[in-house]
Amino acid sequence: VEELISESSALADIRSLLCGVRDIERLVARITGLRATPKDLAVLRDSLSQLPELKGIINSFKSERFKKLAQRLDDLSDVNQKLAAALVEDPSFKINE
């Protein structure tokens, strides 16, 4: 906690990144329930795109706990790449549009 407080710019960066992350649990529930729209998948894509930078910020801390967390954090770049390849930039709410 002390390191987070002393690194106020990194903490501000983390907060800013997390503002771009939507409710992933809800999105995954919609996907697994086969109720997801293309817009839902785009929101997931956009949320996942924040993970590499978040991982980098976490890894920049000196604490061994943060280093271990960064090592264990999967940035899901493979999933994000597949979503980016499959979706247009701003998809519609309906599959048939």
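**Salt bridges and helix packing in the predicted model**

K39 is partly exposed, at 22% relative accessibility (buried means under 20% relative accessible area, exposed over 50%, partly exposed in between, with a 1.4 Å probe and protein chains only). The model is predicted, so local features need pLDDT of at least 70 and side-chain atom pairs pLDDT 80 or more, while totals for chains, interfaces and linings use all residues. Residues are numbered from 1 along each chain as its sequence is written, and side-chain values use heavy atoms, with hydrogens and water left out.

Three salt bridges are found in a search of the whole structure (a side-chain nitrogen of Lys or Arg within 4 Å of a carboxyl oxygen of Asp or Glu). K39 pairs with D90, and their closest N and O atoms are 2.5 Å apart. This pair links distant parts of the chain, since K39 lies in helix α4 and D90 in the segment after α7 (77–86), 51 residues apart. Helices are DSSP runs of H or I with at least four residues, numbered from the N terminus. D90 is exposed, at 58% relative accessibility. D40 forms a salt bridge with R30 (2.7 Å, N to O); D40 is in helix α4 and R30 in helix α3 (residues 24–32). D40 is buried at 9% relative accessibility, whereas R30 is partly exposed at 23%.

The largest nonpolar core has 16 residues, and L54, I57 and F61 have the most contacts inside it. A nonpolar core is a set of buried Ala, Val, Leu, Ile, Met, Phe, Trp, Tyr and Cys residues joined through side-chain atoms within 4.5 Å. At least two core residues come from each of α2 (8–19), α4 (38–48), α5 (51–60) and α6 (64–72). The most, four residues, come from α5.

In α5, the buried residues are L51, L54, I57 and I58. They cover an arc of only 120° around the axis and therefore lie on the same side of α5 (the arc is that of the directions from the helix axis to the C-beta atoms). Among the elements that cover them are α2, α4 and α6. In α2, A10, I14 and L17 are buried. These residues fall within an arc of 65°, so they line one face of the helix, and they pack against α5 (contact means heavy atoms within 4.5 Å). The face of α2 turned away from its buried side carries the exposed residues S8, R15, S16 and C19.
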